[in-house]
Structures are given as C-alpha cells and as structure tokens.
Amino acid sequence: MRLEFTCSQCKIQNKFKPVTATRVDLQMKIGDEVAVTCKYCNKEDKKHINRIDAVVDNRKILLAFIISAIVIIVLMSFYGLIAFAMIAIPFGVWVQEGKSTHYFNSYKIRRK
C-alpha cells in the first residue's frame with residue numbers, strides 16, 4: 001500500500017511519504033491538514049487527510065511473483081508438481097494489499 005494525493009492544479013497523482021496502516025494513525029502523526037508540494041508543477045497546497053488515498057502497490061505484487069517463480073523453479077527439481085503451490089504467494093500478497101488499501105480508504109476523519 002502507498003499513499004497518494006491529487007494536485008489541485010495539474011490533477012496528477014503524487015506520492016505521500018509517511019505511510020501508516022490507518023487514517024487515524026496518520027492523523028496522530030501529522031494532524032488534520034498537511035502542507036504538500038506537487039512534484040510536477042511545484043504548487044504548494046494544504047490537503048486534509050481525507051484527500052489522501054491509499055492505492056495498491058504493484059511493485060510488491062511483482063516482487064512476490066518473481067520470488068514465487070524462482071522458488072517454483074528451484075523446488076521443481078526436488079518436489080515436482082508440489083512446487084506449483086508456491087503460485088499462491090503472489091495472490092496472497094495481492095489480497096493483503098487490497099484489504100489494507102480498503103481498510104485505509106473506508107475510514108474518514110470528521111472535519112472540524
């Protein structure tokens with residue numbers, strides 16, 4: 001999971017660094033509003049933490065797929081078809097990423 005915000009001027013997604021598991025943890029770290037700077041147009045803006053969204057980090061899924069493929073190739077010579085059970089690793093990572101993203105995005109902080 002990674003956090004992103006949308007620039008109000010150029011409408012491009014930007015990464016947001018302090019990654020936390022929940023929006024409440026993010027509020028405790030940074031407060032209700034945070035000053036952000038767009039990486040593309042350099043516009044400085046203040047965003048409420050409800051405007052910061054979690055998205056699935058596809059790099060983790062790709063890494064799990066590569067590791068799974070390597071493990072399958074190594075185990076194939078020793079255990080045969082049982083090694084294909086390792087294909088469940090990327091699917092497990094994908095499901096976990098989806099759940100954590102949904103958990104972060106489903107909770108909103110009340111505005112004051």
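**View 1. Arg 2 and Asp 57 form a salt bridge, with their closest N and O atoms 3.3 Å apart.** The pair joins distant parts of the chain, since Arg 2 belongs to strand β1 and Asp 57 to the loop between β5 and α2, 55 residues apart. This view, like those that follow, is of a predicted model. Arg 2 is partly exposed, with a relative accessible area of 25%. Asp 57 is buried, its relative accessible area being 6%. The structure holds six salt bridges.

**View 2. Glu 97 and Lys 60 form another salt bridge, the closest N and O atoms being 3.5 Å apart.** Glu 97 is in helix α3 and Lys 60 in helix α2, so the pair ties together parts that are 37 residues apart in sequence. Glu 97 is buried, with a relative accessible area of 3%. Lys 60 has 41% relative accessibility and counts as partly exposed. Elsewhere, salt bridges with shared partners join Arg 2, Glu 4, Asp 57 and Arg 59 into one network.

**View 3. Asp 45 and Lys 43 meet through their side chains in a salt bridge of 4.0 Å, N to O.** Asp 45 counts as partly exposed at 25% relative accessibility. Lys 43 also counts as partly exposed, at 28%. Both residues touch Val 36, whose contacts, not counting residues up to four places away in sequence, are Phe 5, Phe 16, Lys 43, Glu 44, Asp 45 and Lys 47.

**View 4. The largest nonpolar core is made up of 12 residues.** Its members are Met 1, Leu 3, Phe 5, Phe 16, Leu 26, Val 34, Val 36, Ile 49, Ile 52, Ala 54, Phe 104 and Ile 109. The elements that give two or more residues to this core are β1 (2-6) and β3 (33-37).

View 5. His 48 lies in strand β4 and counts as buried at 7% relative accessibility. Leaving aside neighbours within four places in sequence, His 48 is in contact with Asp 32, Glu 33, Ile 109 and Arg 111. Asn 50 is found in the loop between β4 (44-48) and β5 (53-55). Asn 50 counts as buried, at 12% relative accessibility. Not counting residues up to four places away in sequence, Asn 50 touches Arg 23, Lys 108, Ile 109 and Arg 111.

**View 6. A nonpolar patch on the surface has about 1,300 Å² of accessible area.** The patch is formed by Leu 62, Phe 65, Ile 66, Ile 70, Val 74, Phe 78, Tyr 79, Ile 82, Ile 87, Phe 91, Trp 94 and Val 95 together. Two or more residues come from each of α2 (58-79) and α3 (88-106). Helix α2 gives the most to the patch, with seven residues. Trp 94 is found in helix α3.

**View 7. The disulfide count is zero.** Cys 10 is in no disulfide, and the nearest cysteine sulfur, that of Cys 38, is 3.6 Å away. Cys 38 is likewise in no disulfide, with the sulfur of Cys 10 as its nearest, 3.6 Å away. Cys 10 counts as partly exposed, at 27% relative accessibility. Cys 38 counts as buried, at 2%.

How values were computed. Residues are numbered from 1 along each chain as its sequence is written. This is a predicted model: local features need pLDDT of at least 70, side-chain atom pairs count only at pLDDT 80 or more; totals for chains, interfaces and linings use all residues. Side-chain values use heavy atoms; hydrogens and water are left out. A disulfide is a pair of cysteine sulfur atoms within 2.5 Å. Buried means under 20% relative accessible area, exposed over 50%, partly exposed in between (1.4 Å probe, protein chains only). Patches are made of residues with over 30% relative accessible area and no salt bridge: like charges are joined within 9 Å, nonpolar side chains (Val, Leu, Ile, Met, Phe, Trp, Tyr) within 5 Å. Accessible areas come from the Shrake-Rupley method with a 1.4 Å probe; for residues, only the protein chains shown count as cover. Helices (H or I, at least four residues) and strands (E, at least two) are DSSP runs, numbered from the N terminus. A nonpolar core is a set of buried Ala, Val, Leu, Ile, Met, Phe, Trp, Tyr and Cys residues joined through side-chain atoms within 4.5 Å. Contact means heavy atoms within 4.5 Å.
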